[in-house]
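Work through the exercises below with the sequence and structure at hand. Try each task before reading its solution.

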Amino acid sequence: MAEFLQAYLAPWWLAYVVAALVHAVLLINVVAVGALIFIWLERKVSGRIQDRLGPTRVGGKFGWLQTLADGLKLITKEDLMPEGADGMLFRMAPYISFCASFAGYLALPFADNWVGARLNTAVFFILAVLGLEVFGVILAGYASASKWSLFGAMREAAQVVSYEVPLGMCAVVPVLIAGSMDLVTIGQMQHGWFTNWFVFHDPFTFITFWVYFTCATASVNRAPFDLAEAESELVAGFHTEYSGLRWSIFFMAEYGSMFAVSGLAAILFFGGWNGPLPITEWLGLADTTNPVLSYLGNFIGMLNFMFKCVFGVTFMMWVRWTLPRLRIDQVMTTCLKYCTPIAAASFLGATLWTYFLPGGLILPNNAYGLVREGQLIDGPYPPADAEGPSKETANEKTAGTGDLISQVAGEHRGRD
Amino acid sequence: MSGQAFVERLKKVFGDKITGANFAAIDPWVDVAPAGLVEVCRYLRDEPDLRFDFLNCISGVDYFEPDAKKAAKNDWQPHTEVVYHLSSLPKKTSLVLKVILPRWKNDKPGELPEVPSVTGVWSTADWHEREVFDLSGVRFTGHPDLRRILCPEDWVGHPLRKDYEMPLEYHGIRGR
Amino acid sequence: MDAINWHSFFFLFFALLACGFSLAVVMTSNIVHMAFYLTLALGATSGLFFLAGADFVGAMQLLIYVGGTLVLLIFGVMLTAKGPFISMKTSAGDLVLGAGVGGALLVLLLAAATQVDAWRVSEPSPPVAQVTASRLGMALLGARVDKLDEKDPVQARGMSGYLLPFEIVSVHLLVVLIGSAYLARPKKRMVGGPVDTA
Amino acid sequence: MATQLDDPRIIEFDVRTDEMLVNMGPQHPSTHGVLRLVLRTDGEVVSEVTPHIGYLHRCAEKIGENLTARQWIPYTDRMDYLAGMNMNLGWALAVEKLMNLELPEKARHLRVLIVEMNRIASHLVGMGAYGLDLGTFSPFLYAFREREKILDLFEEVCGARLTYSYITVGGATADLPTGWIETCERFLAQLEPVIEEYHALLTTNAIFVRRTAGIGILSPEKAIDYGCTGPVLRGSGVDHDLRRDGEQRYTEMYDGYAFEVIVEKNGHYPKDHNYPAVPGSAVLGDCWHRFYVRMLEVMQSIDLVRQAIDRYSMATGSWGEPIKLTEKLPKGEAYLETEAPRGQMGFYVVSSGSGAIPWRVRARSSSFCNLSVTHDLCRGCLIADVPAIVGSLDIVMGEIDR
Amino acid sequence: MNLLTQPVGVSHYLIVGAIMFVAGVVCMATKRNALGVLMGIELVLNGANVNFVAFGSVYLRPEVTGIGLDGQLVALFVIVLAAAEAAVALAITLNFYNNHSTVDVDQADELKG
């Protein structure tokens, strides 16, 4: 995009600024508008689950402007801060949560190469950044000068630190199969029929997906793991003392993280932007040489990806409105006694499976089977990558498309 | 066991601590002197053929008529009663005990009459006695934590006493 | 005016954040604020790592250091932060002494950092995005894929990677795990009674 | 992991945390109104719970000393506002006992019919609200959906949806409207299969069982000692139900009705329906059993309503004639307890014989006694268990504070 | 020399590392709160890490004949060991707090537990 803009914008760096801004605005819209839609969706879903209608009036037929109306109401509300609160931390906390949740989108590809910054450690980057959301919660809980908030913060700290362990282990399983931590590469490897999705790669990945989803639900604080804001126990937990816009920012962060972990699940296990059938290939949209066609293909891919994410989020809602909440010690046992050992076992199982049955059972010549033949690690897929493997060794690979920072760094070093 | 025989039996055990009984009433009752209340209650609870293990209710009833003209017509002297409704789950029987107290201790207005607490016999008496204390103004001696329960802690007076005057103002809130 | 070097720009941004918040950690006496500033300082450091091309280390810094260690630390802060322990003032003498020694050390280190010409400005390098994660992993397992073309046989024999340190660290972590579990084992105490320190 | 150590003074701890006093309520989502619990906590472990009540005190007993017996009926509605009919019945029976009034047979069956319907409604709310206490929302809405239909039926009967004042001294204020019985039967036929869903959502749900089984165990001795009644008492395994064991004046209403007291005997509940099995981790007297007894009582009440419909339709004669609003009360005093949904609701009426206004009225509330056991049940539990325990007692503050 | 237009070199990183290191040392020396001292240690370790990564970076030193990947490897070890160190130090601090009800290191002058 920056290259495209360079042709029109006089100072070359302005093109980068504009490109960066456009990307940022696009992404922030995913979070902000996404939160609006998800809150509306949550109301509708919960309404339907509970045998009622949900919002029906605001904005026409389905009450689809309800969240906007609520947002306006929240903006006009007084921004209260309790006496005795730690002012700076109290004000900062929602933004920390939001930034952490939002930063995860930096490395989340929405379609083939449609990504803010293609990092070659994207999986861990997203997990790490989403894990930082806990700081906002802890600081909010501490700074509120309320005992309920403090309880919420303590619970959150204990819960999130524990759940990062199985979550990381589960995320490693697809990484192990793909041989890359680059989400774009992982996504590309699963193209074709849905049998290429990693969730159907072997029985262990299938188990891993469920463990991943459980842990992801726990790490974004959704019921039945929403102990930090357990309203029947802790009033509202860490955000008891928040009101107005700051309160709603916590919610945007929550829905943003829900979308991000669902997106990660979609890419790691469900083929990302690849549909169940290789329709884009049949239609000839996978042709990367034709910009219009590949744009269309990617657009369909993005819709695919969005659908999977929304499905993941809806699933979380479904769970939330069905199950009672666990107790804090049960949450911890769930993590330490069940999720972690299962994740570790399926990690081991997936390792052995990929070692002994590298091509899988069903389709012996599927994509990743072929890739694994010659290359041990860092196998770029598709093998005919832009620049091809580096000369040094087969293992050394120069990435065809570097991340944003490296591009910037490299190009301008050249310029200087 | 007929009522008469039952009272005879109690009298044999407790002597003059059983001050009377009424069999004609809808719910026949036994009058107990305050001094012997706890003993009687424990006996009633523990005796294998009685087993009054369940305290249903403690009520305070204040007998007082502020209007002198009406008071003259009454066939009773002003007094306060504490009524204990007991029942026995295994025997499926029930019993009423009454303790008759003066309206004021030593007839000094303002000093609440006293009854020994039966919290040691039935734990449920704890809250019931607090409520009777709160609303009817009877002091239960030996109660572990005799505080007001329904009214605010700084409330003045005991509303279910017949001479209770509604306060005109409470923390700036007008009473009437 | 020369064009802005974005790499330098981002470097400056993160470096200022890192240095500023490190200094803020020293300056503030409120332990909770300290923890907060430390978080930001370490987060900014991970940004520096990304800029230096060490993606994996940067992500690990965020995941383990900021996401794990610091949460633990803040947990500890919240458990002990009450009343007098939130804000413990250092005596003026200590401060002066610390500032003096620290200043001297800083001068020494800065002098050392700026002495070597080769370190000062980097040569323009081609845009290479490395995938470091797997090579790091291979190195940990004992294969130095980045030093395969080592000509000197003596040095090549030394390129056995980091298998031994890796094992040592693993055992160390296990020991730490057991040790902290021992230290943090449940203890019993009477309400209001003496603390059983056994 | 309710930390129930032998010596309650010994606390097991990882990190020394200072004891903290936390106010749960009066504005707290899970205190069922305006209950205030002061928790003394050490970390997540609650070492002491002190309930403070009285935030909803409306001086009902004092008001009763200024109104005639029938005029006080609306005030009974507002005690256990989820089971207004049962409250009406309790007071009506107590006054009838004082006046020695006998009721025609049809009125008795009418009362059983109405009262058991209200028991269903009340237990449905209790079930749904318990779900809320444990963090699940949908059962609450499902319960309200069904309760709404009962309220519609009651509205047809008496015009009110919450404060009915329908059952009154001497019978009821009106007969059932035409066609009501059929609507009611249709409702029962529809309700019965729905109960299965509730069992799936709550009773047998793994998380629900883990949250309630073995939590807040109330021994039968303690339950009796604290005067607990109703499902709380029966959940502890005490075989006591006033509909069977109560006073003659009350039990004669249920004469000839076939029903079994819902209580666990020899490890299982009376099995005349397809009930889910008792989970292995449940201990008699814990939150799960209290909840389960309530669920079974819904089925029992459905059965009783069906029987009452039959008998009511067969019975001849009047549905009862309410006494005059200013009917003079004879001198004397009467105490009568009935089995309300939340336990034994007792009314004590003293009359000086001088007019229609009683000398003293007293309401013995079941929730009041049930709540008084909280501090004992909550000792050493976790914070999350406090709503679970208080919710399992199923209290209504209107009845406690009166 | 304009920092915004010049490419950065290793020494820029070293300066950042030095500042963090010194901040950590001063923090360790002056804080009375045991957890403050712990935070100082974290800063020191991070200052060192910055140096390691800088020396091993291909961007800053394209020749990479020096320590190459070793810088990142050592940094990784430091991160992992810092986590372990923090866990143990925290456990010790909390134990100290349990026994003495204080986190003031100036008062930790007796050797018996």
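The expected span of a helix is 1.5 Å times one less than its number of residues. Keep in mind that this is a predicted model.

**Exercise 1.** Compare the span of helix α13 of chain A with the expected span.

*Solution.* Start with the range: α13(A) covers residues 291-320, which makes 30 residues. Next, take the expected span, 44 Å at 1.5 Å a residue. Then take the reach from the first C-alpha to the last: 42 Å. The helix comes close to the expected span.

**Exercise 2.** Find buried residues in α13(A), then place the helix in its chain.

*Solution.* Buried means 20 or more other C-beta atoms within 10 Å of the residue's own. Among the buried residues of α13(A) are A:Gly297, A:Gly301, A:Phe305, A:Lys308 and A:Arg320. Residues three or four places apart in an α-helix point the same way, because there are 3.6 residues a turn. Now widen the view: chain A has 16 helices and 0 strands. Of its 416 residues, 53% are buried.

**Exercise 3.** Which strands form the open sheet in chain D, and in what order?

*Solution.* The order is β7-β8-β9, with antiparallel pairing. β7 (332-340) and β9 (360-364) of chain D are the edge strands; each has a single partner, so one side of each lacks a neighbour in the sheet. From one strand to the next, the twist averages 10 degrees.

**Exercise 4.** Trace the link between β7(D) and β8(D), then find the helix that packs on the sheet.

*Solution.* Count the bridges: 9 join β7(D) to β8 (residues 343-351) of chain D. One bridge pairs D:Gly332 with D:Ser351. Helix α3 (residues 84-99) of chain D packs on the sheet and touches β7 and β8 of chain D. The direction of α3(D) makes about 150 degrees with that of β7(D).

Notes:
Residues numbered from 1 in each chain as written. Chains lettered and ligands numbered in written order. Predicted model: local features only at pLDDT ≥ 70, side-chain atom pairs only at ≥ 80, totals over all residues. Helix = DSSP H or I, 4+ residues; strand = E, 2+ residues; numbered from the N terminus. Buried ≥ 20, exposed ≤ 12 C-beta atoms within 10 Å, placed from the backbone. Pairing = 2+ DSSP bridges. Axes fitted to C-alpha atoms, helices over the stretch in contact; angles between N-to-C directions. Contact = placed C-beta atoms within 7 Å.
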